[in-house]
Amino acid sequence: MGRYYFDKKDTAEDCRSVSISFLKKHDYFSEPCCMSGTISWKNYNGEQTASIGVTVSTLDGENYIRFQYTTTDRNSGEKTEYDYRVSLTTTPCNLGGVRYWFVCPLSKGGVYCGRRVAKLYKAPGASYFGCRHCYDLSYESRNETRSGMFGAFGGVLRTERQMEELRSQINRWTYQGRPTRKVRKLHTLEQRMEVYLSASTKYLKHRM
Ligand SMILES: [Zn+2]
């Protein structure tokens with residue numbers, strides 16, 4: 001489902017994501033019903049690129065996160081409003097209490113996913129939040145993260161480094177009136193940078 005603007009595998013860093021840990025950190029689980037807020041994302045320049053409304057309910061039998069947002073088609077400019085719930089489920093914690101999980105709402109080839117996941121993503125151009133399996137995401141920065149060199153910023157730092165490297169290698173920007181291969185690659189990286197997530201701390205919260 002959805003349409004992609006990158007023909008390669010999208011990396012987790014390219015997508016907007018919402019994690020259980022982020023919600024927990026911002027107290028979305030502190031009341032049974034219901035905590036609402038806005039989560040926004042910024043690009044590398046600190047400009048807001050997207051925001052969504054979320055409501056979390058952890059009432060018995062009413063475990064869900066509600067997503068509300070508007071998407072704009074990049075080609076037609078057409079706006080689509082989304083308002084839907086994704087189920088939450090729990091597992092017991094070793095130290096007592098429960099751990100929350102999203103239940104992936106997507107279907108692939110007519111088969112409902114339903115995976116229990118700690119993070120949901122919205123791939124570029126996609127309509128709904130879903131798990132990384134459904135969006136076929138790869139963890140581009142996994143190795144760097146494991147080595148502890150860059151941690152969560154691995155993707156951003158690596159892209160920045162690639163861009164710098166490319167810029168230093170570019171001798172000519174056009175060939176026969178068209179951008180050269182390296183320039184096109186640089187544009188791709190710039191585009192990727194634009195959609196890079198930095199989960200913003202800017203959020204509003206109120207009880208419904
Ligand atoms: Zn899924």
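I began with the zinc ion, whose donor residues follow the spacing C-x8-C-x17-C-x2-C in sequence. This is a predicted model, in which I take local features at pLDDT of at least 70 and side-chain atom pairs only at pLDDT 80 or more, while totals for chains, interfaces and linings use all residues. Residues are numbered from 1 along each chain as its sequence is written, and side-chain values use heavy atoms, with hydrogens and water left out.

**Zinc site.** I looked up the protein donors and found the SG atoms of Cys104, Cys113, Cys131 and Cys134, at 2.2 to 2.3 Å from the zinc ion. Donors here are N, O and S atoms within 2.8 Å of the metal (3.2 Å for Na, K and Ca). Cys131 is buried at 0%, and Cys134 is buried at 11%.

**Lys122.** I found this residue in strand β10, residues 119-122 (strands are DSSP E runs of at least two residues). Lys122 is buried but has no salt bridge, and the nearest side chain of opposite charge, Asp73, is 11 Å away. A salt bridge needs a side-chain nitrogen of Lys or Arg within 4 Å of a carboxyl oxygen of Asp or Glu. I did see the Lys122 side chain reach the backbone oxygen of Ala126 at 3.2 Å.

**Thr180.** I placed Thr180 in the loop between β12 (178-179) and α4 (181-195). Its relative accessibility is 15%, so Thr180 counts as buried.

Terms used
Buried < 20%, exposed > 50% of the residue type's maximum accessible area, 1.4 Å probe, protein only. Helix = DSSP H or I, 4+ residues; strand = E, 2+ residues; numbered from the N terminus. Lys, Arg positive; Asp, Glu negative; His and termini not counted. Polar contact = N/O pair within 3.5 Å; in protein donor to acceptor, adjacent residues only side chain to side chain.
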